[in-house]
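Please look at the sequence and the model before reading the points below.

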Amino acid sequence: MNKLTECCEKAGNLLKQHDIRQLYRLVQFIDEEYQQNRWPELLPIYAEQQYPEDNHAISEILAVCVNALKCGYQWSLHTHYRRILAAACISAKLNPDPGYWKQRQLRQSLWLSALETLTLSSPDIVVFRYWVEALTQVQLKRIEPSLAFFPLLNGDFRYRFWALLTQQDTFSVRLTGQKFSNEQNKQTAVLLGFEGKHAVVALIHKLDSPFYLSPEESGNWQINNRALTNEQLNTLSSHRLMKQEQQSSVQQTPRSLLKAINRYANANGALNAVIQQVNQLPFLANSLHAAVQQSERIGYSEASRMDLKQAYLWLGSKRASVILATAFLQHQFSLNTIPLHKNLMQKLGLLTTLLQRLSDTTSINLPTPAPLLALLSGSDLFRHPELIKSAKWPRPKYVEHCYSTSWVGSALDISDFRRSKQLVKRWQLPPATERLLDPDKEENDELSALFFLSHYLTLSTYYPDVSLSSSVKSLLKSSCQQLKIDADQLTKIKTKAAFDSHCYSPL
């Protein structure tokens, strides 16, 4: 049995028995295959044309699954997030009532949240599901694109759907494997995919010679409802164009760049090696140019004329390294989106403002600029199970420490700081920064007091009535004494920081 038939049989079993474990295993299997090959894109057309029983229903289930996974890659969703989206899209087709799935022992909160009706306060995964559903209906030729997407892009929630549209690299309005005929030259071609607005097609007998069709040229090709033969589908599924790997949404640490920076800083290497590595990652090069252009010490016109090497020299090695580290982390975190990504970034924005404001108020210098220090402090939260599996921020009930993991109510666990410690070492940041982020190296000094107070103020802005342990109360009292800040000053600092950082959405 080939994999196309195997997936169709599993989807057929789901129609008869709504088993959530079998459903998720099917999604997991398709996603694991889709990471390495594009053949899963053929599943809907294969089910529709080749499967003998319930072919339309099975085709629709597989289409929403593949579309959800494909959109998940384009939107840079975390692996678990992407798979739960696909599972929710399938379960909504089988039965759209969340209560039905609760009766079938579904307890996963993110999955259940995805099945809710869209409202102003809906989590992103509900918006994603509506988009995938509209795309699937268009592909299955059940509705015209304008009728499917017009209500989304012009309705009450249009601001959320337009954001999705701008993130779409390709817009696949037809199924991969669909046959088309050209009435003018009597040729028959098969759709291999989309690149941007262009369809990639190939003549049935010349699959190794694909060609592009612009939207205007596509008008000359009409859908041919004659099914592909089993042999043609199997040939297509094993074709080289179906072997393309999905682009990884995770940006690996640029070790060659770090090595070049280290060698240059220690006078063992050339600056050209650093510049060459930075140029390979345009977002890093842009961050250096932006830092120079935003400086008040140089005119914008002069800064704009600088090349990358001049910008690096003007900033200096240490400052440039910090700017590169900040830009890299911001980019890396944006490429592996978790369900509560916006909420976390909002809290880190408030933490950044509080760190800087307390530093300015007390004249205590931060070892690392506030934006980078905040990103490092929250870096492990981007992998925290509570934030990966939930659609709503977990409300902390009891706080036992003043690190970022207290925001989700976690007890102090050294393993929760693994990523931040790795990042500090890789980017060769000051020892004082490493000490702040490592509970094993905690010290009772003014810098630590500032650090802990900033984290507590961030938490209390969102949850002012949270219960504190006696050790936290003692720590906060001693921190205020060390920084010579009273309760009134603390309230003013918190209020002003919340206003400046826009930590609450106006919607």
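The structure is a predicted model, in which local features need pLDDT of at least 70 and side-chain atom pairs count only at pLDDT 80 or more, while totals for chains, interfaces and linings use all residues. Residues are numbered from 1 along each chain as its sequence is written, and side-chain values use heavy atoms, with hydrogens and water left out.

- Helices (H or I, at least four residues) and strands (E, at least two) are DSSP runs, numbered from the N terminus.
- Two strands are said to pair if DSSP finds at least two bridges between them.
- Strand β1 covers residues 179–182; K179 and S181 point one way from it, F180 and N182 point the other way, and all are buried.
- Buried means under 20% relative accessible area, exposed means over 50%, and partly exposed lies in between (1.4 Å probe, protein chains only).
- Four bridges link β1 to β2 in the antiparallel sense, and K179 stands opposite V190 in β2.
- The hairpin of β1 and β2 has four residues between the strands, and K186 there takes a positive phi near 65°.
- β1 also pairs with strand β5 (residues 221–224), again antiparallel and over four bridges; here S181 stands opposite Q222.
- Strand β2 (residues 187–195) runs antiparallel to β3, and six bridges join the two.
- E195 stands opposite H198 in β3.
- Two residues separate β2 and β3 in their hairpin, and G196 in the turn has a positive phi of about 65°.
- Strand β3 (residues 198–203) is mostly covered, with five of its six residues buried.
- On β3, V200 has Y212 in β4 as its bridge partner; β3 and β4 (residues 211–213) pair in the antiparallel sense over three bridges.

**Helix α2**

- Helix α2 (residues 20–34) has 15 residues and reaches 21 Å from its first C-alpha to its last.
- That reach is close to the 21 Å expected at 1.5 Å a residue, where the expected span is 1.5 Å times one less than the number of residues.
- The buried residues of α2 are I20, L23, L26, V27, F29, I30, D31, E33 and Y34.
- These buried residues pack against several helices, including α1 (3–16), α3 (43–50) and α5 (79–94); contact means heavy atoms within 4.5 Å.

**Cavities**

- Rolling a probe the size of a water molecule over the atoms shows where empty space is left.
- On a 1 Å grid over the protein atoms alone, a cavity is a set of points where a 1.4 Å probe fits but cannot get out, and lining residues have an atom within 4 Å of a point.
- Grid points are joined across faces, edges and corners, and a volume is the space filled by probe spheres set on the points.
- How many cavities of 30 Å³ or more does the structure hold? There are three cavities of that volume.
- The largest cavity holds about 100 Å³ of space.
- Its lining has four nonpolar, four polar and three charged residues; Ala, Val, Leu, Ile, Met, Phe, Trp, Tyr, Cys and Pro count as nonpolar, Asp, Glu, Lys and Arg as charged, and the others, Gly among them, as polar.
- Helix α4 (residues 55–74) supplies the largest share of that lining, four residues; the whole lining includes E41, A63, N67, K70 and S172.
- The second largest cavity has a volume of about 60 Å³, and N67, K70 and S172 are among the residues that line it.
- Helix α4 also gives the most to the lining of the second largest cavity, with four residues.
- By class, the lining of the second largest cavity has three nonpolar, five polar and one charged residues.

- L423 lies in helix α22 (residues 418–426) and is buried, with a relative accessible area of 2%.
- Leaving aside neighbours within four places in sequence, L423 is in contact with L329, L376 and S379.
- The C-alpha atoms of L423 and A114 are separated by 34 Å, and the two residues are 309 residues apart along the chain.
- T405 is found in the loop between β6 (398–399) and α22.
- T405 is buried, with a relative accessible area of 2%.
- Apart from neighbours within four places in sequence, T405 is in contact with L381, H384, S410, D416 and F417.
- T405 and D486 are 81 residues apart in sequence and 26 Å apart in space, C-alpha to C-alpha.

How values were computed
1 Å grid on protein atoms, 1.4 Å probe; cavity = no way out; pocket = protein on both sides within 12 Å on 5 of 7 lines; lining within 4 Å.
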